[in-house]
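I opened the notebook to jot down what I looked up, one entry at a time. Here is what I had on screen.

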Amino acid sequence: MNQQAIFAPIFVMFLLTLTVWIYMYARRIPFIIQNNFPPEKMRPLEFARISPPSVSNPSDNLKNLFELPVLFYALGNYLFITSQVDRFYMLLAWIFAGFRILHSLVHCTINRILLRFYLYLTAAVALWLMILRAGWQYLGSA
């Protein structure tokens with residue numbers, strides 16, 4: 001299998017992060033301008049407290065994209081470097097990326113908590129399966 005194929009879902013995740021980052025500012029800047037906030041209200045905790053969910057949820061989602069996805073990026077690079085990319089890893093990588101996209105869509109828009117949780121859980125299980133399999137393979141070759 002083409003080992004570089006693992007970078008496709010990784011770059012999709014990069015694009016998702018960029019999209020959420022842009023969306024966050026598209027929601028945040030008009031809110032700041034519309035309400036003419038003084039600098040003292042712009043401190044992170046104060047701003048989070050006074051922001052409506054339509055402004056704070058994209059920010060929260062962006063933070064979330066620097067949690068489990070970081071493990072995904074590291075694992076993808078590990079799989080590439082060790083030439084272990086196969087169809088099963090690719091399936092799980094696309095499940096991870098696809099469900100992270102769905103999770104971000106829900107989080108940044110309708111924010112239905114239970115739906116968001118199941119989307120997150122599906123992505124997380126795919127990632128943990130990838131990690132456990134890679135660890136198992138590593139320990140088996142050591």
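Predicted model: local features only at pLDDT ≥ 70, side-chain atom pairs only at ≥ 80, totals over all residues.

**Entry: a loop residue**

I started with Asn111, which sits in the loop between H5 and H6. I looked up the backbone of Asn111 and found a phi near 50°, which is positive although the residue is not glycine. I wrote myself a reminder that most residues other than glycine have a negative phi.

**Entry: the two helices on either side**

H5 covers residues 87–108 and H6 covers residues 113–141. Their axes are 8 Å apart, and the packing angle is about 155°. How do H5 and H6 run relative to each other, parallel or antiparallel? An angle over 145 degrees counts as roughly antiparallel, so H5 and H6 are roughly antiparallel to each other. I also noted the handedness: H5 passes H6 in a left-handed crossing. Then I sorted the residues of this contact by type, and got 18 nonpolar, 4 polar and 3 charged.

**Entry: two residues of H5**

I picked Ala97, in helix H5. Is Ala97 buried or exposed? Its relative accessibility is 0%, and because buried means under 20%, Ala97 counts as buried. I then took the distance from Ala97 to Phe72: they are 25 residues apart along the chain, and their C-alpha atoms are separated by 9.3 Å.

My other pick was Leu102, also placed in helix H5. Leu102 has 37% relative accessibility, so I put it down as partly exposed. Between Leu102 and Leu115 I counted 13 residues in sequence, and the C-alpha to C-alpha distance came to 9.7 Å.

**Entry: the other loop**

I went looking for another positive phi and landed on Asn36, where phi is near 50° and the residue is again not glycine. Where is Asn36? I found it in the loop between H1 and H2. With 65% relative accessibility, Asn36 counts as exposed, because the cut-off for exposed is over 50%. I also compared Asn36 with Asn2: they are 34 residues apart in sequence, and 53 Å lie between their C-alpha atoms.

**Entry: H1 and H4**

I did the packing check on H1 and helix H4, which spans residues 68–81. The angle is about 155° and the axes are 10 Å apart. That makes H1 roughly antiparallel to H4. The crossing of H1 past H4 is left-handed.

**Entry: the largest pocket**

Rolling a probe the size of a water molecule over the atoms shows where empty space is left. I looked up the largest pocket and wrote down a volume of about 220 Å³. It is lined by 13 residues, and the closest to its centre are Arg28, Pro44, Phe47, Ala48 and Ser59. Which helices each supply at least two residues of the lining? I listed helix H1 (7–35), helix H2 (44–50) and helix H3 (53–64). The one that gives the most is H3, with 5 residues. By type, the lining of the largest pocket divides into 6 nonpolar, 3 polar and 4 charged.

**Entry: the whole chain**

Last, I zoomed out. The chain has 142 residues, and buried ones make up 37% of them.

Conventions:
Residues numbered from 1 in each chain as written. Heavy atoms only, no water. Axes fitted to C-alpha atoms, helices over the stretch in contact; angles between N-to-C directions. Helix = DSSP H or I, 4+ residues; strand = E, 2+ residues; numbered from the N terminus. Parallel < 35°, antiparallel > 145°, perpendicular 65-115°, else oblique. Left-handed = near helix turned anticlockwise from the far one by under 90°. Nonpolar A, V, L, I, M, F, W, Y, C, P; charged D, E, K, R; others polar. 1 Å grid on protein atoms, 1.4 Å probe; cavity = no way out; pocket = protein on both sides within 12 Å on 5 of 7 lines; lining within 4 Å. Points joined across faces, edges and corners; volume = space filled by probe spheres on them. Buried < 20%, exposed > 50% of the residue type's maximum accessible area, 1.4 Å probe, protein only.
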